[in-house]
Amino acid sequence: MTSSALPRPHSALPEAAELMRRLAAGRGHGSSGRGHGASGPVTHVERIPARAGRSVAWPEWAPETLRAALAQRGIAQPWRHQVEMASLAREGHSVVVATGTASGKSLAYQLPVLSALLSSPRGGALYLSPTKALAADQMRSLAELALPEVRPAVYDGDTPYEEREWIRRHARFVLTNPDMLHHGVLPRHGAWAGFLRQLRYVVIDECHTYRGIFGSHVAHVLRRLRRIAARYGSSPVFLLASATVSDPAASATRLTGLPVRAVTDDASPRAGMTFGLWEPPLTDLRGEHGAPVRKSALRETSDLLADLVASGVRTLAFVRSRRGAEVASAMARQALAEAAPELAEQVAAYRAGYLREERRALEKAFLSGELLGMASTNALELGVDVAGLDAVLLAGYPGTLASLWQQAGRAGRAAREALAVLVARDDPLDTYLAHHPAAIFDRPVEATVLDPSNPYVLGPHLCCAAAELPLRTEDLALFGEAAAPVLDGLVAEGSLRRRPTGWYWTSRGRPEVDLRGSGGEPIAVVESDTGRLLGTVDAGSAHSQVHTGAVYLHQGTSYVVDALDLDDAVALVHPEEPDWTTYARDVTDLGVVSVRESVRAEAVQLDLGEVDVTNQVVAYQRRRLSTGEIIDEHPLDLPPRQLRTVAVWYTISPDALAAAGLAEGDVAGALHAAEHAAIGLLPLVATCDRWDIGGLSTALHPDTGEPTVFVYDGHPGGAGFAERGYAAAVTWLAATRDAIADCRCEAGCPSCVQSPKCGNGNDPLHKSGAVAVLDVVVAALRERAPAAAPAS
């Protein structure tokens, strides 16, 4: 971006649609409507109309003191969905509210909780949030109501020890997180006996974030909470708040283990929005095998941020990493300094890792207009109150539609016309979405995927439960049908002892369970010079995240790994702020253990089952942060890891491949390219990240006897992602085919079939052959596969 491209601030902001046109014109390109944007970076512009709100009267049971306190904050009447949820909760139903960003979900659960606490001196409530920032925001909201009878308090790792005893004895509305509940409350439930006896409500905020392995762990933490509460005589009602997701009642039921009602009719007002899809141009840079490299989404987003700030538009840019947030804000400030120096200081970064005081000062400056632009990680995606924004930029698809709408919804929160722009990354899924807007604007939001029956998750939590209170036969229903056989295994290995009165934990210490990990001894990350423990990485992720030479981020500070010692379970690091990042590259071998489900469709077979995976990280690449350019590649000497997990795979007969025009020598490259793209596109139908899954392709697999493509969950026992891929195979694989075909490169690039973690150096790859393979597979499965189901 040149300085001449930057307009000066406008006294009156243009309409969002006009802003979109100016941004595209400022890059020397036009824009297109729905369809392919061959003329420039804007591949599609969607107009989302405004919506009026529908308010109702306060319910008669809402105390006058609460109504008055809310009126002081400008809330004269509630929206209809808020009262609907509150009324169901008051009747004793567990309920989830799944409505849009800024729709007032907090009041929907606060209304029954605060009414109960104000109406009786007995009763308590527990609030769980996925982040400390969100809990702090809720605490501020409650404190502003000035209701002394409620006695709210935050109980997390930052809570001073001298305050914790007061909270256990006196607080009535405790705000915490699943980790603190798991580590600090349930193991010491005796100290919380008074609170647990009176526990009436449990609030689970942003419950759609509990997915995959983490969600499966949290599901069992909640079951343990229900069990302990029952021992103290309480049976709390669960109130859940979610982004708009598919089948929120089913997802909430799977998370809590309870029947849950859903409130989904959003009655809040919504500002109109212009939503643009933006694909950065190809550059003159070349990657592996001469593949073209696109201008990075981070660079394009920082340029757009500078353009918008220079136009006086209050803009929030979401980027995927803490380091990326710093880089994006720095590049935007640099661009502004050249053309409008007075605006350069009005751009800042925001991320977890800043001190609380720093974050609050940034939020205040952004809300007041002192800051016009901010680059943030998803720390501002969840319910933290940042309102009145004019525009939101998304540097890459955030992984789920739920997150996309959460982030985009930060704009227009004050009933002002809003602008949102999704800047596609050099990635198959982003490529697909940039050219298939219906996959964003006409598709239901994904269902949350989690699997509480995973024995690698269930077993450790049964040990935790037994350590808290001996497990009894009647407790097993809480943990599902898989609990009995898993208990037998725990007894056989000596972790638990079976007695006539139940199952008992056999060790003196407590079970070690990392809610974000999947078993194995965690790796300690230690600063080399000081010996300071920075944190831990679960064993399953250590080889790819803290290998020698890796860039490791902790609390906003960047470190480079000096050495990974697997014998001592420690990674030694030193602080460094390089202008590059690292990508681990691995190779995989896989054997089929069993087949759960199978569909034969002519020359194609689709299977779901258990597999044994042997995976080895063999090297890592360094790539320039600002451009994505490959700097170099370094070999690694790490041992292979074994993993039993769940996979979805398809086979295709050699005759069918030949009939599709594939020469025998091109089959391996075609399958390899199809595998890479399928891994990249699975997040379209399952709430996962491409780094949560792996794959293997081969022209002849010994267990299937045919050319085969596997995609597997990267966690022991699986996380539910492969099952979702099997259930939505046609949608998933058809999108994979389209993403490859739509990419404008000639022979394959990172936007379609190249993978950043391929240990085979992305060789061989056959782009057009992958399209031919997927044409055959999708055509055959359309008639027979279970995947005619929508990608919800």
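This is a predicted model: local features need pLDDT of at least 70, side-chain atom pairs count only at pLDDT 80 or more; totals for chains, interfaces and linings use all residues.
Tyr-726 is buried (under 20% relative accessible area, with exposed over 50% and partly exposed in between, for a 1.4 Å probe and protein chains only), at a relative accessible area of 4%. Tyr-726 is found in helix 24 (residues 721–727); helices (H or I, at least four residues) and strands (E, at least two) are DSSP runs numbered from the N terminus.

Residues are numbered from 1 along each chain as its sequence is written, and side-chain values use heavy atoms, leaving out hydrogens and water.

**Nonpolar cores**

- A nonpolar core is a set of buried Ala, Val, Leu, Ile, Met, Phe, Trp, Tyr and Cys residues joined through side-chain atoms within 4.5 Å.
- The largest nonpolar core has 93 residues, and those with the most contacts inside it include Phe-275, Tyr-650 and Trp-732.
- Helix 23 (residues 667–681) gives the most to this core, with nine residues.
- Another core, of 38 residues, lies apart from it, with Leu-128, Cys-207, Ala-219 and Leu-469 among them.

**Helix 16**

- In helix 16 (residues 428–435), eight of its eight residues are buried.
- Among the buried residues of helix 16 are Asp-430, Tyr-432 and His-435.
- Their cover includes strand 1 (42–48), strand 9 (273–278), helix 23 and helix 25 (729–742), where contact means heavy atoms within 4.5 Å.

**Helix 25 with helix 26**

- Helix 25 and helix 26 (residues 767–784) pack at an angle of about 155°, with their axes 9 Å apart.
- Axes are lines fitted to C-alpha atoms, for helices over the stretch in contact, and angles run from 0 to 180 degrees between N-to-C directions.
- The angle makes helix 25 roughly antiparallel to helix 26 (over 145 degrees; under 35 is roughly parallel, 65 to 115 roughly perpendicular and the rest oblique).
- Residues of helix 25 that meet helix 26 include Leu-733, Arg-737 and Ile-740.

**Helix 7 with helix 9**

- The axes of helix 7 (residues 178–185) and helix 9 (residues 212–231) come within 10 Å and cross at roughly 50°.
- That makes helix 7 oblique to helix 9.
- Pro-178, Leu-181 and His-182 in helix 7 meet Val-218, Val-221, Arg-224 and Leu-225 in helix 9.
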